[in-house]
Amino acid sequence: MRIVRYEAADGIHYGVEDGDSVQRIAGEPFSAIERTGKVDDLSEVRLLCPVNRPRIFGVAYNYREHTNESGKEQPTLPVLFMKPSTAASGNGDPIEFPRDGEIVHYEAELVAIIGKGGRHISNDDALGHVLGYTCGNDISDRIIQRQESKFGCLLAGKGYDTFAPMGPAIVTDLDPANLDVILRQNGTIKQSGNTSDLVYSVADIVAYLSRFMTLLPGDVIMTGTPAGVGPINPGDDLEVEIPGIGILKNPVVAAAY
């Protein structure tokens, strides 16, 4: 099932993609999928970030090859950070390159969307709490990130508005253990990995997070990026593709302020 959040002439809705149309559902998809009977033409709506203003959890150094290229030791527990909800954006939305930005990188990611919240979730039950998966791009200002990291924090360098584009759809019933994750910059492949290289699986991350906090429906988890991260510049076109989910497309523009 492909679930999309979209803007139509009469407002913002969730729906289930069906070919060239979207079957509108009542409310949000996290508790139940209830079709309303209203159908929208996919070509006449605008896809939005799959979740409105979500809590965004990230996992650093979670692909072995990316950790190697970063010159870091392999982690012995999930290395977690958060991005503010205002960083979230959707398919087609511009990524704003900061006016004072120097080295800003793309990071293609598989994103897990929590459907059923909970605390102290076991590994065996963890995937049952995931509604589905989408594509994400964890944009990162490396200069700020490195300055923060010296003092044991990680927020501003990953927290600019527009630095967490996600989409185009939430896809259910996928096996997150064997998915290709690809990033193209101006049509050229820069990242090409597979979630089989994850240090901590989606189930591991969900279970670990829930030890410390209650996970909520609509929380999103950016699960890490493969090797091949690199710089972006205004004028670039970025595509994150995960076969089975689709392609997240975002242009890079110079921030107005």
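Contact, or touching, means heavy atoms within 4.5 Å. Keep that cut-off in your viewer for the whole tour.

This is a predicted model, in which local features need pLDDT of at least 70 and side-chain atom pairs count only at pLDDT 80 or more, while totals for chains, interfaces and linings use all residues. Residues are numbered from 1 along each chain as its sequence is written, and side-chain values use heavy atoms, with hydrogens and water left out.

**Stop 1: the two annotated spans**

Select residues 1–50. UniProt, in an unreviewed entry, lists this span as "domain: Rv2993c-like N-terminal". UniProt positions are in the numbering used here, feature names are shortened, and annotations may be inferred rather than shown by experiment. The span is 0% helix and 58% strand, with its end C-alpha atoms 14 Å apart. Helices (H or I, at least four residues) and strands (E, at least two) are DSSP runs, numbered from the N terminus.

Now select 56–253. The unreviewed UniProt entry gives "domain: Fumarylacetoacetase-like C-terminal" here.

**Stop 2: the largest pocket**

Rolling a probe the size of a water molecule over the atoms shows where empty space is left. Lining residues have an atom within 4 Å of a point. Grid points are joined across faces, edges and corners, and a volume is the space filled by probe spheres set on the points.

Select Tyr61, Lys72, Arg142, Gln145 and Ser149; among the 26 lining residues of the largest pocket, these lie nearest its centre. The volume of the largest pocket is about 530 Å³. Colour β6 (56–60), α1 (64–70), β7 (79–83) and α3 (142–149), the elements that each give two or more residues to this lining. Which element gives the largest share of the lining? It is α3, with 4 residues. By type, the lining has 9 nonpolar, 9 polar and 8 charged residues. Ala, Val, Leu, Ile, Met, Phe, Trp, Tyr, Cys and Pro count as nonpolar, Asp, Glu, Lys and Arg as charged, and the others, Gly among them, as polar.

Stay on Tyr61. It sits in the loop between β6 and α1. Tyr61 is partly exposed, at 25% relative accessible area; buried means under 20%, exposed over 50%, and partly exposed in between (1.4 Å probe, protein chains only).

**Stop 3: the second largest pocket**

Go to Cys49, Ala88, Ser89, Gly90 and Asp93. They lie nearest the centre of the second largest pocket, which is lined by 16 residues. Its volume is about 250 Å³. The lining divides into 5 nonpolar, 6 polar and 5 charged residues.

Zoom in on Asp93, in the loop between β8 (88–89) and β9 (95–97). Leaving out residues up to four places away in sequence, Asp93 touches Arg46, Lys249, Asn250 and Pro251. Check the distance to Leu47: 46 residues apart in sequence, 9.6 Å apart C-alpha to C-alpha.

**Stop 4: the cores**

A nonpolar core is a set of buried Ala, Val, Leu, Ile, Met, Phe, Trp, Tyr and Cys residues joined through side-chain atoms within 4.5 Å. Select Ile139, Val206, Ile221 and Ile232, which have the most contacts inside the largest core, a set of 39 residues. Helix α5 (residues 202–212) supplies the largest share, 5 residues. A second, separate core has 18 residues, including Ile3, Val51, Ile56 and Ile113.

Is α5 mostly covered or uncovered? Covered: 8 of its 11 residues are buried. Its cover includes β6, β7, β11 (108–114), α2 (123–126), β12 (130–137) and β17 (220–222). Next, pick Ile221. Beyond four places in sequence, its contacts include Phe57, Leu110, Ile205, Val206 and Leu209.

**Stop 5**

Select Gly167 and Pro168. A cis peptide bond joins them, with omega about 0°. Pro168 belongs to strand β14 (residues 164–171).

Move to the loop between β14 and β15 (180–185), where you find Asp173. Asp173 is not a glycine, yet its phi is positive, about 60°. It counts as exposed, at 75% relative accessibility.

Finish on Pro176, also between β14 and β15. At 8% relative accessibility, Pro176 is buried. It touches Leu110, Leu127, Tyr133, Thr195 and Val202, not counting residues up to four places away in sequence. Pro176 and Asn194 are 18 residues apart in sequence, and their C-alpha atoms are 9.6 Å apart.

How values were computed
1 Å grid on protein atoms, 1.4 Å probe; cavity = no way out; pocket = protein on both sides within 12 Å on 5 of 7 lines; lining within 4 Å.
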